[in-house]
Amino acid sequence: MLDAKAILIGSPTLNNGMFPTIAGFLCYLKGLKPKGKIGAAFGSHGWAGGAVKAIEQEMDQMGIEMMDSGLAFKFVPESDELQKCFDFGKTIANEISH
Ligand SMILES: Cc1cc2nc3c(=O)[nH]c(=O)nc-3n(C[C@H](O)[C@H](O)[C@H](O)COP(=O)(O)O)c2cc1C
């Protein structure tokens, strides 16, 4: 994590927020005081969602420069949605390659 130029974190929505293990992970990440990194969040939900926004807020508060992934899908992603995930991965790779 300390060496990474980009950090992408995904989670399903649980009780309008992120999955508990992701919350725990972010708590430790905050302690590392990440600097000079870009980040993005992605996730799934059953109805109203909430995980992606919650992760974005936490990472933003840590000083990570957040990109809007637009990757929030209902239940299991369809093939076109998986394609969007792949494309966003390429976007991030381009961002950190220079
Ligand atoms: C205990 C539990 C709580 C959930 N709470 C929410 C919720 O608050 N809002 C929502 O949109 N989806 C909620 N969901 C639906 C999950 O986000 C959805 O099932 C998941 O994103 C899809 O991944 P899966 O195929 O592993 O279930 C909940 C699911 C479970 C099992």
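**From layout to core and ligand**

In this predicted model, the elements of the chain follow one another from the N terminus in the order β-α-β-α-β-β-α, which amounts to 3 helices and 4 strands. The radius of gyration is 13 Å, close to the 13 Å that the globule rule gives for 98 residues, so the chain is as compact as a globular protein of that length. Along the principal axes, its C-alpha atoms fill a box of roughly 35 × 30 × 15 Å. Among contacts with a separation of 6 or more, 76% join residues 24 or more positions apart, and 20% of the 98 residues count as buried.

The largest nonpolar core has 13 residues, of which Met18, Ala41, Phe42, Ala51, Val52 and Ile55 touch the most other members. Strand S2 (38–45) and helix H2 (51–61) are the elements that give two or more residues to this core, and H2 provides the largest share, with 5 residues. Ala41 is in contact, beyond its neighbours within four places in sequence, with Ile9, Gly10, Val52, Ile55, Glu56, Met59 and Ser69.

Within H2, the buried residues are Ala51, Val52, Ala54, Ile55, Glu56, Glu58 and Met59, and what covers them includes strand S1 (6–12), helix H1 (20–31), S2, strand S3 (65–66) and strand S4 (72–74). After H2 comes Gly63, with a positive phi near 95°.

Turning to the ligand, 14 residues surround it, the closest being Pro12, Thr13, Ser44, His45 and Gly46. This shell consists of 6 nonpolar and 8 polar residues, with no charged ones.

Conventions. Residues are numbered from 1 along each chain as its sequence is written. This is a predicted model: local features need pLDDT of at least 70, side-chain atom pairs count only at pLDDT 80 or more; totals for chains, interfaces and linings use all residues. A nonpolar core is a set of buried Ala, Val, Leu, Ile, Met, Phe, Trp, Tyr and Cys residues joined through C-beta atoms within 7 Å. A residue is buried if 20 or more other C-beta atoms lie within 10 Å of its own, exposed if 12 or fewer, and partly exposed in between; C-beta atoms are placed from the backbone. Two residues are in contact if their C-beta atoms, placed from the backbone, lie within 7 Å. A residue is near a molecule or strand if its C-beta atom, placed from the backbone, lies within 6 Å of it. Ala, Val, Leu, Ile, Met, Phe, Trp, Tyr, Cys and Pro count as nonpolar, Asp, Glu, Lys and Arg as charged, and the others, Gly among them, as polar. The radius of gyration is taken over C-alpha atoms; the globule rule is 2.2 Å times the number of residues to the power 0.38.
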